[in-house]
Amino acid sequence: MQAVRLTAGRTLELTDVPAPKPGPDEILVAVRSVGICASDVHYYKHGGIGNQRCVYPHSLGHECSAKVVKAPSHSVFREGDRVAVEPGRYCFRCEHCREGKYNRCPNVRFLGGPNEAGAFQEYLSLHESQLVKIPDSMSFDEAALLEPMGVGYHAVVLSALKPGESIAVFGAGAVGLCTLALARACGAGETFLFDRVQYRLDFSGKQYGPDHCVNSDVVDPLEYIRETTGGRMVDCVFEAVGAGQTFGWAFEAARIGGRVMLIGIPPDEQIWFDPHSQRRRELLVQNVRRSNRALHPCIRLIERKTVSIAPLATHRFPLDRISEAMYLAETYEDGAVRVMIRM
Ligand SMILES: [Zn+2]
Ligand SMILES: [Zn+2]
């Protein structure tokens, strides 16, 4: 089968490798659509994320949808089933799995993680727990986008957002916009969205309707929020960029006693911030690790048209043009939000 491997920094190669052989509890699926995540770009560009380095050849891709090719007879899945894919394969035995906090499982095998197959290949062998059937009305691109949507879903759930609470989202990428849409679906009050890429703000304003859509290269986000809220700042901040500067803004944009949800993945090993400002305001800072079994509720939200993710898929490329796709995902050129690989 055809597979893409990262063989060195910034080098993606299309290779021919044997198709995976499913074990007794595994299901063979044909990958249909894969989104290029910022974490894939990190691996491509920086050769890893923080202290987790690539071991070449590295296999990328974790936001995917698929069609079942072969399932064991005892499985609930049948050949031809269209499925969304949960990229984490959990141990179901550790303390965290037993508490239902699967995303914290230290034994997780994650698609496209170090030494794990990623989704930029024709077939994958997955555990039944990783698959969820999707409705006929849902496209394979939408089903692949359920993964970043799930991260936004997890962030909003963890934030314990209450109706009427004001929020600020830093980052108008797929995860930031899903977070904004889900927070609005939960009854968020005044909403602020910041990004430095103007076309993404224009797109967000049209598709996701925040009250304030502000270019942080032009206007200082903290001054803007301070002025708009009469100095109170916002109840809950979602950081979906992963940069030192946006971390700093996120901490300062929260009100006294507010919450800050850190979703973005910084490429750096360390980020510095002012502990006293956080301490004096008794900020609650919560890290958001991927998502926790969010596929089912996200599918229901899409079916009911409460949240729309289809517009996020702005570009589509075949597998053999992945380098072009990666270029767009990295540079944000041509109005790219989520660049998809279609099999
Ligand atoms: Zn992702
Ligand atoms: Zn576990």
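This is a predicted model: local features need pLDDT of at least 70, side-chain atom pairs count only at pLDDT 80 or more; totals for chains, interfaces and linings use all residues.
Start with the whole chain. The protein has 343 residues, and a compact globule of that length would have a radius of gyration near 20 Å. The protein has 20 Å, so the value agrees with the globule rule. Along the principal axes, the C-alpha trace spans about 60 × 40 × 40 Å. Secondary structure comes to 10 helices and 19 strands.

Of the 343 residues, 55% count as buried. Take the contacts between residues at least 6 apart in sequence: 69% of them join residues at least 24 apart.

Now turn to the zinc ion listed as ligand 1. Its protein donors are Cys 37 through SG, His 62 through NE2 and Glu 63 through OE. They lie 2.2 to 2.4 Å from the metal. Along the chain, the donors follow the spacing C-x24-H-E. His 62 and Glu 63 are both buried. Water is not among the atoms, so a site may look incomplete.

Cys 91 sits in the loop between strand S8 (88-89) and helix H2 (95-98), while Cys 105 sits in the loop between H2 and strand S9 (109-110). The pair therefore ties together parts that are 14 residues apart in sequence. Buried means under 20% relative accessible area. Cys 91, at 17%, is therefore buried. Cys 105, at 4%, also counts as buried.

Like Cys 105, Asn 103 lies between H2 and S9. Its relative accessible area is 7%, so Asn 103 is buried. What does Asn 103 touch, not counting residues up to four places away in sequence? The list is Tyr 90, His 154, Arg 289, Ser 291 and Asn 292. With His 154 there is also a polar contact of 3.1 Å between the side chains.

Next, look at helix H7, residues 244-253. Its buried residues include Thr 246, Phe 247, Trp 249, Ala 250, Phe 251 and Ala 253. Which elements cover them? Two helices are among them, H6 (221-229) and H8 (275-280). Strands also take part, including S12 (167-170), S15 (234-239), S16 (254-262) and S17 (284-287).

Finish at Glu 79, in the loop between strand S6 (63-70) and strand S7 (82-85). Is Glu 79 buried or exposed? Exposed means over 50% relative accessible area. At 67%, Glu 79 is therefore exposed. Leaving aside neighbours within four places in sequence, Glu 79 is in contact with Val 68 and Val 69. Pro 57 is 22 residues from Glu 79 in sequence, and their C-alpha atoms are 31 Å apart in space.

Key
Residues are numbered from 1 along each chain as its sequence is written. Chains are lettered from A and ligands numbered from 1 in the order in which they are written. Side-chain values use heavy atoms; hydrogens and water are left out. Donors are N, O and S atoms within 2.8 Å of the metal (3.2 Å for Na, K and Ca); water is not among the atoms, so sites may look incomplete. Buried means under 20% relative accessible area, exposed over 50%, partly exposed in between (1.4 Å probe, protein chains only). Helices (H or I, at least four residues) and strands (E, at least two) are DSSP runs, numbered from the N terminus. Contact means heavy atoms within 4.5 Å. The radius of gyration is taken over C-alpha atoms; the globule rule is 2.2 Å times the number of residues to the power 0.38. A polar contact is a pair of N or O atoms within 3.5 Å; within protein, one must be able to donate a hydrogen and the other to accept it, and residues adjacent in sequence count only if both atoms are side-chain atoms.
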